[in-house]
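Subject: Structure for you to look at

Hello,

Here is the structure I promised to pass on. Please open it beside this message; my notes follow below it.

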Amino acid sequence: MKQGKAYTGIDSFRIAAAILIVTIHTSPLSTYSETGDFILTRIVARLAVPFFFMTSGFFLISGFRENGDRLHGFLKKMLGLYLAAILFYLPLNLYNGYFGQEHLLPNLIKDLCLDGTLYHLWYLPAAMLGAFLSWHLVGRLGFGGGFGAALLLYLLGLLGDSYFGLTESLPPLKAGYDSLFEVMDYTRNGLFFAPVFFVMGGFLREREESLTLQKSIVGFVLSFACLFGEGMLLHGLEWQRHDSMYLFLLPCSYFLFGILLHFRGPGKKGLRRTALFLYIIHPMVIVAVRLFAKLLGLQELLIENSLGHFLSVAFLSAAGAAALSRGYGCLADKRRVRANTGRDRAWVEIHRDNLLHNARKLQEAMPDGCRLMAVVKAEGYGHGLFGIATCLNRGGVRDFAVATIDEAIRLRRFGIRGEILILGYTHPARAGELHKFNLTQTLIDYEYARALNRRRVSVKTQLKVDTGMHRLGFDAGDVQKAVRAFSMRYLNICGVFTHLCVSDSGREQDVRFTRGQEERFRGFLEGLTAEGIKLPPVHLQSSYGLLNYPEFSGDYVRAGIALYGALGSPGDCTGLQLDLRPVLSLKARVILVREVGRGESVGYDRAFVADRDSRIAVLSVGYGDGVPRNLSRGAGEVLIEGRRAPIVGNICMDQLSVDVTGLPEIRVGMVATLIGRDGEEEITAAQVAGDGGSIANEILSRMGSRLNVVEI
Ligand SMILES: *Cc1c(COP(=O)(O)O)cnc(C)c1O
């Protein structure tokens, strides 16, 4: 992510929230005003824990899902923390006689799973259970259904918490809750309390742009006023068995989070860790402050005066947490450098900012009312289907095109909403899947349309017209067949399109041909209209079409290569010059540097023979990763430390060698750039393609399978 765009507001508020939790456990105002203390610790401070749940949900719960890795990662981290915290507090458990209690085993299990082995530790199992439940609820039911289910749990929890007075007045309900409280001490736990906040956090991540600062502030002020009234009322009625859960805590937390989202700046990872440590250690600090106060005879100031007590605990906890965080940060940095996640051998780097930038530039260049259809076939042109599609969908792109039904189904499984057009062939026997996943199938000719219609499953389709490419499509000269397709009962035709086959060329005869294609397309559409058919959206542009013929109108532009910023060289005879930036870089490590004497050879076929004493660097990438073998024998080069080094000998499946004789600074472990920028130098996908006798589309689309994808 770009510097300056991290969620500074959220990171900073973590500290405030942790301090609010300290107030709950120290009651700062109790010496001065009971009511004041109730308002601070039982109403205001109750915003803290939901905020933490929402924050975890924000980064974790998503409608876009690839696999459970992220959930497992979160659970593992929390579990590690929980175990460490349990050990940390074991001396306190021993001291307060926890292990001497009756029914130790069932109580221990109950505490481990729900209530925490020490009072504030309930948060950690609650975060785990909340994450697990909301992940699966949103996965199964989407955000709407997931929120509904989580809300129901929350309402059930309310009746055992702040609204318990109501429950007590209804005997059957009371009996139910009495048995519930046999297995848990409170309902503010991972089952009833946490999930709804996790779901709301995830929801906000995907609808971030819809909540303006103004709306958030107004929403927060109003709902806080209600929360305040609710808290005071329930307190007055003496309904509260416990006071963690309020109805208005939901909107209040939602809008508070909305406000914080608007404060963006540099990331503050240190604050995140500090807040967490503060939360974990402050009860221990309370014990320590009591001990020291006794030893130093300062009870009056540090214990009996509530404010003095709070301030000393808060200050010492914050200082301790900051020190711990710093120590942990150093360790983690060292580990990260050693592990070099995903960048140990060969990898592609995906610059998401550039992807969104390109999408915006293309949208600006398109005529009014025309929409961007992002072409993400072949693993997003080798950029990684999941990352590309979810990034664009989050960025507001609603229309996608792929080549095969299996790519389309994967998109749906990732959680992509909106239209998905399959540009290529799908066997008619799979009509059921087209229907089930709400996909749009291209009708590649009349016979195909009939075969699909015979399946008797209604499917969304688009009719493709052949205007001269002679690959797929209905014959542009035969409107009648298309008219018949429009009357087929099971084919819901919601688009008509054609494809230009030389729109990238500026040669006069190619321009004439392309204009001819456009005219045939218009003629075909007029033919349909003349037959009384109401035209659905129509389109004919792909990347070069838009750039060279911006005057062609249409309802969509199907952009592939331009979206990835991998057009040919900048001056590449496009009429429209857009500032499009490369999304992908291809990198590999230098794994070995060797001296090769004059007359010795390198690699298969002895294709390179040194004509001087040479230094050869071996890179851990080969044609098995998608590097074209045609770049062998000096046809291609790479960048290392901002310098160019030619490829020597034949490229192997898993390695290639470069000549670094003139570059004595090159060492094992350095990063070589095969596509992308290094210092002042740049190698574009188009150059690589040109050197290898191909086009960027081919080079990129073959890059998917073995390379790690690192998103930045
Ligand atoms: C691949 C493809 C596109 C995208 O082409 P680019 O030149 O990469 O923009 C558009 N339309 C159809 C039919 C395609 O097959």
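In this predicted model, helix α1 meets helix α12 through D11, S12, R14, I15, A18, I19, I21, V22, H25 and T26. On the side of α12, the residues involved are L271, R272, T274, A275, L278, Y279, H282 and I286. By type, the residues of this contact are ten nonpolar, five polar and three charged. Helix α1 covers residues 8-26 and helix α12 covers residues 269-296. Their axes cross at roughly 10 degrees and come within 8 Å. Angles under 35 degrees count as roughly parallel, so α1 is roughly parallel to α12.

Helix α1 also packs on helix α3, here with an angle of about 150 degrees and 9 Å between the axes. The crossing of α1 past α3 is left-handed. From α1 come I10, F13, R14, A17, A18, L20 and I21, and from α3 come A48, V49, F51, F52, T55 and F59. Eleven residues of this contact are nonpolar, one is polar and one is charged. R14, A18 and I21 of α1 take part here, and R14, A18 and I21 are also on the list for α12.

Helix α3 (residues 48-60) in turn packs on helix α9 (residues 194-206). The two axes come within 6 Å and cross at roughly 50 degrees, which means that α3 is oblique to α9. This crossing is right-handed. The residues in contact are P50, F53, M54, S56, G57, F58 and F59 of α3 with A194, F197, F198, M200, G201, G202, L204 and R205 of α9. They divide into ten nonpolar, four polar and one charged.

Now the domains. The chain is divided into domain 1 (12-27 + 268-336), domain 2 (43-267), domain 3 (347-564) and domain 4 (584-683). The C-alpha centres of domain 1 and domain 2 are 22 Å apart. How many residues of domain 1 are in contact with domain 2? There are 20, and they touch 23 residues of domain 2. Together the two domains bury about 1,900 Å², with 81% of that on carbon and sulfur atoms. Of the area that domain 1 buries against domain 2, F13, Y279 and I280 supply 30%, more than any other three residues.

Regards

How values were computed
Residues are numbered from 1 along each chain as its sequence is written. This is a predicted model: local features need pLDDT of at least 70, side-chain atom pairs count only at pLDDT 80 or more; totals for chains, interfaces and linings use all residues. Side-chain values use heavy atoms; hydrogens and water are left out. Axes are lines fitted to C-alpha atoms, for helices over the stretch in contact, and angles run from 0 to 180 degrees between N-to-C directions. Helices (H or I, at least four residues) and strands (E, at least two) are DSSP runs, numbered from the N terminus. Angles under 35 degrees count as roughly parallel, over 145 as roughly antiparallel, 65 to 115 as roughly perpendicular and the rest as oblique. A crossing is left-handed if the near helix is turned anticlockwise from the far one by less than a right angle, and right-handed if clockwise. Contact means heavy atoms within 4.5 Å. Ala, Val, Leu, Ile, Met, Phe, Trp, Tyr, Cys and Pro count as nonpolar, Asp, Glu, Lys and Arg as charged, and the others, Gly among them, as polar. Domain bounds come from an automatic or database domain assignment. Buried area is the accessible area (1.4 Å probe) that two parts lose on being put together, summed over both.
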